[in-house]
Amino acid sequence: MTHAQVIQSSARADSADAELLVVHDATQWLSHLNDPDTVIGRMLRLLSQITGLNRGRVVLLDASGEFMEIRYAYGLSSHERERGRYRVGEGVTGRVMRTGQVAVVQDIDEEPVYLTRAVERDTLPHETVAFLAVPILNEDQPMGVLGAHRIRERHRPLHRDITLLRIMAALIARVLKVDDLIREQTAALAEENESLREALSSNQEARHGILGESPALRQAFRQTLHVSPTQATVLLNGESGTGKERFARMVHLTSPRCDGPFIAINCAAIPDQLLESELFGHEKGAFTGAVSAKKGSVELASGGTLFLDEIGDLAFDLQSKLLHVLEKQTIHRVGGTRDVPVDVRIIAATHKNLQEAVNQGRFRIDLFYRLNVFPIHLPALRERDGDVKLLARHFLQVASQEFDRNATFEAGVLDRLAAYNWPGNIRQLENVIKRAVLVAQNGWITVADIELILTHESHVTDHLEAGGTPNAPEPQADWGATETGRPRPGGTASSPPATVPERSYRWVREDEAESLLQALQETGGNKTQAARRLGMTTRQFRYRLDKLHLSA
């Protein structure tokens, strides 16, 4: 027997098997939740063909919220659907929407409340016609009405039809809620796309991969464009993760050297014994393994730009050789005896205070002055008012594409991100957004997700400030000793020693004092609340108070 024959036989039998067939087929179509027209249309068709509940319609509120309109139907013409428009409370359909109660009209000809608006009486059978309507509920609140006609004199009891309609209404409610969620996410993504598109069109910075609208960033951008057409050496100052290489590339791309090579070297990432060869090259036989001559980065960058990141970590003996390049525009390869002429512009970057390094004898003063011809300060993310939200939306789009996700920020997430201190700056923000996209449930990044990730970030920062390394295990929360050396409850004398390694000053700045004291004042001296307000842990907050010699 074919499926069509099963349908016809079930319609004639009007048995409980027909109801099960309707529900079974309807649930199979729920896998197409992203296509409500097809799913709901199929459900209404099943009701008509198998159980005789004809001219089924789903009536929903329009944009005004005052009127209802037939959104989905089976067995109604387009003209009939257009006429099926009701105020909430008007007619049988409007009353079901207002009260959330089932309506059973035994005879539409004898019921004065029944309006006969969508379907004219002459188009219906001459027999007695009943009309059944049930609410489509969303958490016990009506979001629409499911209605249908039937011949009253059929042997099938009305209460069974009401039960079936209620089941179908529950399934339809699920379809509608998923559709609303998809529309909401799509609208949010469209809004973010538009805001980013506007930012890209209005910001010259964006053309070089630099997003932001804050005055601090604009100042750095203006300085960069001012110096790029010249041959001046540029020194970029800023914390780690503030985008120093992007600014260096912008100097190169907006300079007359833009058609030449751009070579980037991180002086802290290469061991000192290898860095000389990497920078200046070597001759054949200069050392074991030097089977042929090799050009160094300075020579390869000739005609273009050489970017030296973390210049403050350059070994003292190599500083003099770099000074020679800046003064003479020549190099000596390792193992070589002749000058090799080069034509290179050098851009250096550091997160360290080079002036302090000069005072301590760790950096050559003559090299410092050669590099510091045109210094540019790159602001930390916490100094860039309003840019966190713009960057977060951008990284959300990038991460969603990278991981094939469709993630959206829940209300309040952007405000929480903007309130955080971001010691790792833009790089840290990007990593947090990537992690949030991966852990998001049902496509929503919640405030709770962000809080959990930021708590972990704060623990990592605490560990680094305490002298740890990025790859070492984080300090455990159940150490037997506190920072003051007193045993915690449950601690023992064999627990890790009370003396804590001297913490780095890397994340502590003198200009933080005002914000720390203001947070304390606003929270009535409560350090925990003050730390939370600044996006820190209590330990970070107290550490800064101690290092800045602030009394609280």
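## First stop: a loop

Start with Gln329, which sits in the loop between α11 and β10 (330-331); helices here are DSSP runs of H or I with at least four residues, strands are runs of E with at least two, and both are numbered from the N terminus. Before going on, note that this is a predicted model, where local features need pLDDT of at least 70 and side-chain atom pairs count only at pLDDT 80 or more, while totals for chains, interfaces and linings use all residues. Residues are numbered from 1 along each chain as its sequence is written, and side-chain values use heavy atoms, with hydrogens and water left out.

Back to Gln329: its phi is near 55 degrees, a positive value in a residue other than glycine. Most residues other than glycine have a negative phi. With 23% relative accessibility, Gln329 counts as partly exposed (buried is under 20% relative accessible area, exposed over 50%, partly exposed in between, using a 1.4 Å probe and protein chains only).

Now select Thr116, in the loop between β4 (103-105) and β5. Its phi is also positive, near 50 degrees, and at 28% relative accessibility Thr116 counts as partly exposed.

## Second stop: two helices

Select residues 272-280 (α9) and 316-328 (α11): they pack at about 10 degrees, with axes 11 Å apart. Axes are lines fitted to C-alpha atoms, for helices over the stretch in contact, and angles run from 0 to 180 degrees between N-to-C directions. That angle makes α9 roughly parallel to α11, a label for angles under 35 degrees. Show Asp272, Leu275, Glu276 and Phe280 of α9 against Leu318, Lys321, Leu322 and Val325 of α11 to see the contact (heavy atoms within 4.5 Å).

Which order do the strands take in the open sheet of 5? It is β8-β9-β12-β7-β13, with parallel pairing; two strands pair if DSSP finds at least two bridges between them. The edges are β8 (262-266) and β13 (374-377), each with a single partner strand, so one side of each has no neighbour in the sheet. Zoom in on β8 and β9 (residues 305-309), joined by 5 bridges, and find Phe262 opposite Thr305.

## Last stop: the core

Finish with the largest nonpolar core, of 32 residues, where Val58, Ile136, Leu146 and Met168 have the most contacts inside it. Such a core is a set of buried Ala, Val, Leu, Ile, Met, Phe, Trp, Tyr and Cys residues joined through side-chain atoms within 4.5 Å. Color α6 (158-202): the largest share of this core, 11 residues, comes from α6.

How values were computed
Angles under 35 degrees count as roughly parallel, over 145 as roughly antiparallel, 65 to 115 as roughly perpendicular and the rest as oblique.
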